[in-house]
Amino acid sequence: MAAIYSLYIINKSGGLIFCKDYGSAGRMDTNDSLRLASLWHSMHAISQQLSPVPGCSGIDLLQADTFDLHCFQSLTGTKFFVVCEPGSSYMEGLLKHIYELYTDYVLKNPFYEMEMPIRCELFDIHLAQAVHKDRVASYGR
């Protein structure tokens, strides 16, 4: 089973607007989460500019010995990334599904202000269902 350690959503200016830990492995405090989001936003932007490939969209996958970091950037510049167990190769589909949940439950919420932290109960409920469904489905992989 490929476990997701945490999920982060970063706005287009690099601010952390959502963070959720799953399980106790790799749990960070608030300051470390803010530093990680800021560092990832900067690395992603620098990789776009330094890439020899024209039209590069930045880093999609960062692999380390103890974790993988998968990233999806929307057309508006909002970044969604998960930190998960190494070898988790199917996270792109989950990130796109999380983006769909974000557009359905956060952006369509009349009380949500753009670029502000996400506080939406329906988003939290559907996100938990999506992650749980992903974990159950990964048993068969």
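**Aromatic pairs in a predicted model**

Phe80 turns out to be buried, with a relative accessible area of 0%. That value comes from a predicted model, as do the others here. Phe72 pairs with this residue: the two ring centres sit 6.3 Å apart and the planes meet at 40°, so the pair counts as tilted. Phe72 is buried too, at 18% relative accessibility, because the cut-off for buried is under 20%. The ring pairs carry on from there, linking Phe72 and Phe80 with Tyr99 and Tyr102 into a cluster.

The structure has eight aromatic pairs. One of them joins Trp40 and Phe81, a tilted pair with 5.8 Å from centre to centre and 40° between the planes. Trp40 belongs to helix α1 (residues 30–50) and Phe81 to strand β5 (residues 79–84), so this pair ties together parts that lie 41 residues apart in sequence. Trp40 is buried, at 2% relative accessible area, and Phe81 is buried as well, at 0%.

Stepping back to the whole chain, there are three helices and five strands, and they run in the order β-β-α-β-β-β-α-α along the sequence. For 141 residues, a compact globule would have a radius of gyration near 14 Å, and the chain's 15 Å agrees with that. The C-alpha atoms fill a box of roughly 40 × 40 × 30 Å along the principal axes. Buried residues make up 40% of the 141. Of the contacts between residues at least 6 apart in sequence, 49% join residues at least 24 apart.

As for the surface, the chain exposes about 8,200 Å², with 56% supplied by carbon and sulfur atoms. The 11 positive and 15 negative charges have mean positions 3 Å apart.

How values were computed. Residues are numbered from 1 along each chain as its sequence is written. This is a predicted model: local features need pLDDT of at least 70, side-chain atom pairs count only at pLDDT 80 or more; totals for chains, interfaces and linings use all residues. Side-chain values use heavy atoms; hydrogens and water are left out. Helices (H or I, at least four residues) and strands (E, at least two) are DSSP runs, numbered from the N terminus. The radius of gyration is taken over C-alpha atoms; the globule rule is 2.2 Å times the number of residues to the power 0.38. Buried means under 20% relative accessible area, exposed over 50%, partly exposed in between (1.4 Å probe, protein chains only). Contact means heavy atoms within 4.5 Å. Accessible areas come from the Shrake-Rupley method with a 1.4 Å probe; for residues, only the protein chains shown count as cover. Lys and Arg count as positive and Asp and Glu as negative; His and the chain ends are not counted. The place of a charge is taken as NZ of Lys, CZ of Arg, CG of Asp or CD of Glu. Rings of Phe, Tyr and Trp (its six-membered ring) pair if their centres lie within 6.5 Å; planes under 30 degrees apart count as stacked, over 60 as edge-to-face and the rest as tilted.
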